[in-house]
Amino acid sequence: MTSAPRVDIADTRGQTTALTVTGDLDLHTVAVVHHRVADVLGDHPTVILDLTGVTFCDSSGLNTLLRLRRRAQELGGRLVLVAPPRQMLRLLSVTGAVSVFTIHGSLAEAWAAIPAPGAPPTA
């Protein structure tokens with residue numbers, strides 16, 4: 001049985017918003033995640049997705065993440081993934097998608113890697 005996903009705002013700092021995603025990311029549920037994240041990208045072009053609570057991800061979920069990543073890039077931002085579960089990390093690895101995402105082990109680690117507003121870029 002599919003567990004409907006929830007997407008909640010965890011924190012917002014400048015042009016970056018962190019969202020927590022819980023539940024399944026599959027053919028029947030990805031529209032919820034896509035619409036919620038796409039709405040946030042309109043105001044905050046960099047989105048950190050905390051995936052700790054994701055219970056399942058299929059190719060539809062992966063495709064949604066790839067589409068959202070492209071949209072973030074079009075807006076001058078990026079999509080950062082945090083703590084994808086083992087099954088999801090395997091899917092990212094097997095498909096080669098792991099190389100196109102920035103992935104952090106924790107939300108704190110992801111925030112630390114985002115430059116503060118107005119800070120010069122680091123090499």
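**Sheet, helices and a buried loop residue**

Val82 stands opposite His104 in strand 5, where strands are DSSP runs of E of at least two residues and helices runs of H or I of at least four, numbered from the N terminus. The model is a predicted one, in which local features need pLDDT of at least 70 and side-chain atom pairs count only at pLDDT 80 or more, while totals for chains, interfaces and linings use all residues. Residues are numbered from 1 along each chain as its sequence is written, and side-chain values use heavy atoms, with hydrogens and water left out.

Strand 4 (residues 78-82) pairs with strand 5 in the parallel sense over three bridges, two strands being paired if DSSP finds at least two bridges between them. Five strands in the order 1-2-3-4-5 form an open sheet of mixed pairing, with strand 1 (6-13) and strand 5 as its edge strands, each pairing on one side only.

Helix 2 packs on this sheet and touches strand 2 (16-25), strand 3 (46-57) and strand 4, contact meaning heavy atoms within 4.5 Å. The direction of helix 2 makes about 140° with that of strand 4; angles run from 0 to 180 degrees between N-to-C directions, and axes are lines fitted to C-alpha atoms, for helices over the stretch in contact.

Ala97 lies in the loop between helix 3 (86-95) and strand 5 (102-104), and is buried, with a relative accessible area of 7% (buried means under 20%, exposed over 50%, partly exposed in between, with a 1.4 Å probe and protein chains only). Leaving aside residues up to four places away in sequence, Ala97 touches Leu62, Leu66 and Leu92.
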